[in-house]
Structures are given as C-alpha cells and as structure tokens.
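Please look over the sequence and the model before reading on. The text below goes through them part by part.

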Amino acid sequence: MKIIILGAGQVGGTLAEHLAHEDNDITVIDTDNDRLRDLHNRLDIRTILGPCSYPLILRQAGCEDADMLIAVTNSDEVNMIACQVAHSLFRTPTKIARVRSTAYLTRKGLFSNDAIPIDVLISPEQVVTNHIRRLIEYPGALQVLDFANGLAQLVAVKAFYGGPLVGQELRFLRRHMPNVDTRVAAIYRRNRPIIPRGDTVIEADDEVFFIAARKDIRAVMGELRKLERQFRRVIIAGGGHIGERLAETLEHNYQVKIIEQNLSRCTALSEALDRTVVLHGSATSKQLMVEENIEDCDIFCALTNDDEVNIMSSMLAKRLGAKKVLTLINNAAYVDLVQGGEIDIAISPEQTTIGSLLTHVRRGDIVNVHSLRRGAAEAIEAIAHGDERSSKVVGKAVENIELPEGVTIGAVVRGKSVLVAHHDLVVESNDHVILFVVDKRRMKEVERLFQVGLTFF
C-alpha cells in the first residue's frame, strides 16, 4: 500500500517502522528536520520537510495516488485540515486522523464526507484510558485485550510459584477446569516466544497469553497465579486528559483520588468530576503520600506527561506501601527497563495506540489489531468470508488450516458464542477468528489467508 504519514513524533515514527518492515511504500512529512533525518537513516522510507496540511507538500508526497493518509501530528487542527485537503484535492480513499480534544469529539456529525472528511478517528487518550481500566478490572493481569466487542478476551499474566498449573503440562488445563474452555495462545520465557503444545510445561515467571470468554477470565487467571482481591482504592497522579478520563470511568465503582500540581487544573477537575477527591500537590511528595494513607491504596497510577515524575512517584508509592503501581512511560526504550521491579505494569501510550491504527491498514477483513510485546507480536481478529472453494479457512478444521510458522488460532467467535479453537473446530463463514502472531513478519501471509478468492464473486 502507498501510505502517507503526517507527523514524525512517537506515534508517527513507530507506525512508519511497523509498516516499512511490511513492504509498504511509506512517506513521512514533518516540520522537524532532525526527526525526519533519524527516521530516514533507520528505515527505507521517503521523508518530506514541510507543513503537513499544505496542498503543495501533499502533492509532493504523492497524495494523488496514495491509498491512505494517516494524520498523527500533535495538532488536531493540522490533522483535520490535512484530511480535508486530501479529500477535496486528491480524493484520497482512506483518511485516518488523531483528534485529542473532546470539544471536537463530542460534536455529532462533525466528521463525515459532508463536513470534515475523516474516515477513522483515533483518540490516543481514550485508547490508553480503556487499556488502564481493563487492567484495574483484572488485578494481576499484565495486558487485557478485547475481541468481538468484549465477548472474548486475551489476557497476559505472569505465572507464579504455587499456581496450580505451574510445573505441569498444558494438557492438564482441561482436567483442572472441566467447566471452563480456554487456550494458551503463546508463552514468553525469558523474553523468547514458545509456541504452546499439549506437552509444554509452564514454568514460574513465564508470561502466559491465554484466550477465553470474558466470564471465564478470572477462573483461568487463578490457575496460573494466586488471585488478587478486587481493587477498591485508586490514586491517580496527574490530572491531564488521561487522568481525568480514567477518574471519570472509575469514580462510581471505586474510591478515586487525583493528585495534580496545577491549581487551576485542580479547580477544573473538581468541577468536572462527581465523586473523585482532587488533591493539590506534587506526586513525588512523601509527606502528601503519607497523609493520604498510600499504604491503603490498591493501585497507584502515575499518568503525568513526565516519565521521570511517573517513575519516581511510582517507586515512592511502592516503597510507602501501595499494593500495585502502574506507570505511563512515553519513552518506549524505558518500558522494559522499569517493568517487573518495583513498577508492576509499565504502559507505552504509543504501543497501545498503534494497534488501533494498524487495524485499518491490514488487508482482508481485519477488525481488530493489538500490538504486543513492544510491537514484536500481534493479536488480530479477522472475519472469515466466502465458501470452501474461495476461502483458505472456511469449511476447514483448525488442524487443517495452513497457518504460517509462529501463528496460532486462539478462538472463534460465532454470533454471541466464544468457541475455543481446538483442533477439530470447523471455521464457518462470518466467524470472527482470533489469531496470535508471534513473528510480525508473517502478517502478510495471515492477511492472504483471509482474502477471498475470485470464485466467491
């Protein structure tokens, strides 16, 4: 595909990296020459220096015959105008834009071909907020991903000493839980992927990805680690867009406090939120933490815009007795360094956002993409179309589908039913198939599996 990316920041740069490795024709536009030079030196892509919404610059980037425009600059207005120019002058088929401000997002009818022609809106703050909310709902999970509108979920947990299944072969899973259907999609041991088989033995400290119906998730987690009690008390450091949205989502079911340093922002938060306690002060203040009984806190979420503040406040909270800490880290290079020590979960906003962008870039009818393991792996939801003659998956049992190496089918969602993918399950047309792709370089082969042959038409 010929794709133009506007903005060479964290999201734009990471997206260019993902797509360039999959043989797409990528052009990146930005006003920052240093960022462009860095991308050009690392990747086989075109870069253009200039304002992202100018018609001349877009023409220079080849907008006339581009398949897709992805506008992820830091300015909502530039992103919107660029999509308008691409639509009016160049008739670009697909336009994706990052829009952050709720002032735009809450207006009905604003984003359509008759108004501002954006086909797909991405709101990183909302994506990250949803991601954190799911982690709070499932204490002990490292990642929780929704498929088929939440009917099925893929969950990553770290196996602990003493878990019923630790030290046992996977085939005993069914014996342990005769009434729960689940499948282990992948195991990461010392950062290396293992494709699970019946005789694979789970070891302590393995990162286990399993898939099941939403209602069964907690039961499966209990087999791999001691189940943690549900969280009740949440402290959020940072009252920015993500902090406010998270408090708004949680405040009716949890006891929520926000710590915010900016006094006028504190006033705005206290007016906007119903039950959340808003505290004016620094998240790195030991005195404030002690006064607010941090030792009674179930989860401390550090969500400021400053990585250092997030890391330091999380370490302080943990040492003062917070049961669990979750830290937002904008610099992706830091994420693996800090997670697993005093910081329980580190979240990279760019990796969380990338999945929602990749969903619209994949060929075939792919409705969900989640980037995993810092982008090394992907979990995808694809819809099977066609019949036995035109499709490579419809009418075939899971064991007979020619999957690329390192790809496993975890489950199939048919209507409202979640069917875990045992070897004899036959895929039908319109099934939502959930796959785990350990090696992202195999994505092209996976996409081809779900493209319908000409005989179907």
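Predicted model: local features only at pLDDT ≥ 70, side-chain atom pairs only at ≥ 80, totals over all residues.

Residues are numbered from 1 along each chain as its sequence is written, and side-chain values use heavy atoms, with hydrogens and water left out.

Some terms come first. Helices (H or I, at least four residues) and strands (E, at least two) are DSSP runs, numbered from the N terminus. Two strands pair if DSSP finds at least two bridges between them. Axes are lines fitted to C-alpha atoms, for helices over the stretch in contact, and angles run from 0 to 180 degrees between N-to-C directions. Contact, or touching, means heavy atoms within 4.5 Å.

Begin with the open sheet of six strands, whose order is 3-2-1-4-5-6 and whose pairing is parallel. Strand 3 (46-49) and strand 6 (120-122) are its edge strands, each pairing on one side only. On average, neighbouring strands of this sheet are turned by 15 degrees against each other, direction ignored. Strand 2 (residues 25-30) runs parallel to strand 3, and four bridges join them. Isoleucine 29 has isoleucine 48 in strand 3 as its bridge partner. Helix 4 (residues 76-90) packs on the sheet and touches strand 1, strand 4 and strand 5, with its direction at about 170 degrees to that of strand 5. Helix 1 lies across strand 1 (2-6), strand 2, strand 4 (68-71) and strand 5 (94-98), and runs at about 165 degrees to strand 1.

Helix 1 also meets another helix. Two packed helices are described by the angle between their axes and the distance between the axes. For helix 1 (residues 10-20) and helix 14 (residues 349-358), the axes come within 10 Å and cross at roughly 55 degrees. The two helices are therefore oblique to each other; angles under 35 degrees count as roughly parallel, over 145 as roughly antiparallel, 65 to 115 as roughly perpendicular and the rest as oblique. Helix 1 passes helix 14 in a right-handed crossing. A crossing is right-handed if the near helix is turned clockwise from the far one by less than a right angle, and left-handed if anticlockwise. On the side of helix 1 the contact is made by Gln10, Val11, Thr14, Leu15, His18 and Leu19, and on the side of helix 14 by Glu350, Gln351, Ile354, Leu357 and Leu358. By class, this contact has six nonpolar, four polar and one charged residues. Here Ala, Val, Leu, Ile, Met, Phe, Trp, Tyr, Cys and Pro count as nonpolar, Asp, Glu, Lys and Arg as charged, and the others, Gly among them, as polar.

How much of strand 22 is buried? Five of the six residues of strand 22 (residues 432-437) are buried, so the strand is largely enclosed by the rest of the structure. Buried means under 20% relative accessible area, exposed over 50%, and partly exposed in between (1.4 Å probe, protein chains only). Strand 19 (residues 377-383) runs antiparallel to strand 22 and is joined to it by six bridges. Glutamate 378 stands opposite valine 437 in strand 22. Strand 20 (residues 407-414) is also antiparallel to strand 22, with six bridges between them. Alanine 411 stands opposite isoleucine 434, and isoleucine 409 has leucine 435 as its bridge partner.

Another helix pair is helix 6 (residues 124-137) and helix 9 (residues 241-250), which pack at an angle of about 45 degrees with their axes 9 Å apart. Helix 6 passes helix 9 in a right-handed crossing.

Two single residues complete the tour. Glutamine 143 lies in strand 7 (residues 141-147) and is buried, with a relative accessible area of 16%. Aspartate 199, in the loop between strand 10 (192-194) and strand 11 (207-213), is partly exposed, with a relative accessible area of 47%. Not counting residues up to four places away in sequence, aspartate 199 touches Glu169 and Arg171.
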